[in-house]
Amino acid sequence: MKSRKLAVITLVYWFLLLYIVAALVWWFISLEKQNRQMSTYKLQELKLDDVLFEQKFYKIEDERKRKTGQYIGEGVTFLALILIGAVFVYRATRRQLRLSIQQQNFMMAITHELKTPIAITLLNLETLQKRKLEESQQQKLISNTMQEANRLNLLCNNILLASQLDAGAYKLTKTEFNLSEVVDESLADFRSRFPNRTIDNSVAEQVYFVGEELLLQIVVNNLLENALKYTPKDKPILVELSEVNRHICFKVSDNGAGIPDNEKEKIFEKFYRIGNESTRNAKGTGLGLYLCKRIVQDHGGEIFVKHNHPEGSIFTVLFKS
Ligand code: ADP
């Protein structure tokens with residue numbers, strides 16, 4: 001239904017544009033014809049025995065050429081304005097359409113993302129309440145419930161922060177804190193949530209950073225969450241933090257599917273997710289990297305992604321001071 005509507009809109013757009021350009025060309029041709037006709041009449045009225053014949057002849061010819069020049073000038077200006085306007089409208093409409101599709105995907109994803117952890121948590125709690133389980137089984141259920149609650153927590157933080165940032169309601173409060181500790185805490189948290197995954201690390205000690213700790217924590221968590229989410233379970237991920245000449249570098253490398261070159265910029269856009277919502281198996285909202293980029297930029301840094309060898313991707317956050 002949506003694609004039919006889109007096809008109709010595209011068709012109407014191209015039809016109108018072609019019509020306007022054709023009308024412009026037609027307008028030029030008929031004006032030029034009129035111009036030539038006028039000068040022919042004027043020439044016919046000239047008398048050959050007129051002493052000023054030559055002078056008058058050239059005057060009429062000059063006037064005809066001037067008018068032709070004027071029509072060409074006006075026509076080209078009009079055409080340029082119309083084409084600039086058309087490109088503008090085309091790009092704005094496409095952007096709007098892409099955002100609306102992404103927003104729709106976001107709503108689909110978010111409903112699933114919110115419902116699943118709540119349903120799992122309820123089920124686990126009910127099981128714990130109703131059945132006498134062995135200690136190890138109880139622990140398994142509790143850690144599973146905590147994992148779901150953590151996921152929900154990250155999701156809520158992301159949504160809340162995105163809406164605050166968009167509304168311009170977020171004010172940064174920068175203080176100095178130990179970034180190494182933030183990364184270590186996050187690593188410990190992810191290792192307890194995913195005990196079967198291999199998370200290698202090389203975290204320099206005592207890396208101090210001036211900024212908002214909570215936001216930097218969100219960046220670290222989102223990048224780690226993605227690396228685990230988009231990498232097969234049997235493959236390791238690597239987390240690095242280093243500081244050289246006051247340049248702080250945080251890197252998360254994975255051996256997952258990687259990101260195609262033409263998507264490397266787009267994945268940082270709001271709601272953007274690679275692929276199609278119905279075929280995608282990893283769930284998400286498309287907010288994580290958008291927030292990472294905004295937070296990193298608000299702290300004067302940059303974030304980018306490169307290919308990992310032999311496969312996967314490396315997300316790098318750089319703060320130069
Ligand atoms: P989400 O993970 O919630 O979909 P993000 O903004 O965190 O949203 O990521 C946007 C998209 O970028 C993801 O949907 C995914 O397609 C891609 N992506 C992010 N991180 C990775 C990664 N480490 N490996 C492969 N693809 C990734």
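**Helix packing and the ligand site**

Asn-158, Leu-161, Ala-162, Leu-165 and Asp-166 of H3 are in contact with Gly-288, Tyr-290, Leu-291, Arg-294, Ile-295 and Asp-298 of H6, where contact means heavy atoms within 4.5 Å. By class, this contact of H3 with H6 has six nonpolar, two polar and three charged residues. Here Ala, Val, Leu, Ile, Met, Phe, Trp, Tyr, Cys and Pro count as nonpolar, Asp, Glu, Lys and Arg as charged, and the others, Gly among them, as polar.

A word on the source. This is a predicted model, in which local features need pLDDT of at least 70 and side-chain atom pairs count only at pLDDT 80 or more, while totals for chains, interfaces and linings use all residues. Residues are numbered from 1 along each chain as its sequence is written, and side-chain values use heavy atoms, with hydrogens and water left out.

Helices are DSSP runs of H or I with at least four residues, and strands are runs of E with at least two, numbered from the N terminus. Axes are lines fitted to C-alpha atoms, for helices over the stretch in contact, and angles run from 0 to 180 degrees between N-to-C directions.

Back to the first pair. The axes of H3 (residues 135-166) and H6 (residues 288-298) come within 10 Å and cross at roughly 50°. That makes H3 oblique to H6; angles under 35 degrees count as roughly parallel, over 145 as roughly antiparallel, 65 to 115 as roughly perpendicular and the rest as oblique.

H3 also packs with H2 (residues 53-130), at an angle of about 155° and with the axes 9 Å apart. H2 and H3 are therefore roughly antiparallel to each other. Among the H2 residues that meet H3 are Ile-110, Leu-114, Ile-118 and Leu-128. The contact of H2 with H3 divides into 11 nonpolar, seven polar and three charged residues.

Next, H4 (residues 179-193) and H5 (residues 213-229): their axes come within 10 Å and cross at roughly 40°. That makes H4 oblique to H5. This contact has nine nonpolar, three polar and four charged residues.

Now the ligand. Which of the 18 residues around the ligand come nearest? They are Asn-226, Tyr-230, Asp-254, Arg-273 and Thr-285, with a residue counted as near if one of its heavy atoms lies within 4 Å. A side-chain N or O atom of Arg-273 is 2.4 Å from an oxygen atom of the ligand. For the side chain of Lys-229, the distance from an N or O atom to a ligand oxygen atom is 3.1 Å. Leu-289 has a backbone N or O atom 2.8 Å from an oxygen atom of the ligand.

Key: A polar contact is a pair of N or O atoms within 3.5 Å; within protein, one must be able to donate a hydrogen and the other to accept it, and residues adjacent in sequence count only if both atoms are side-chain atoms.
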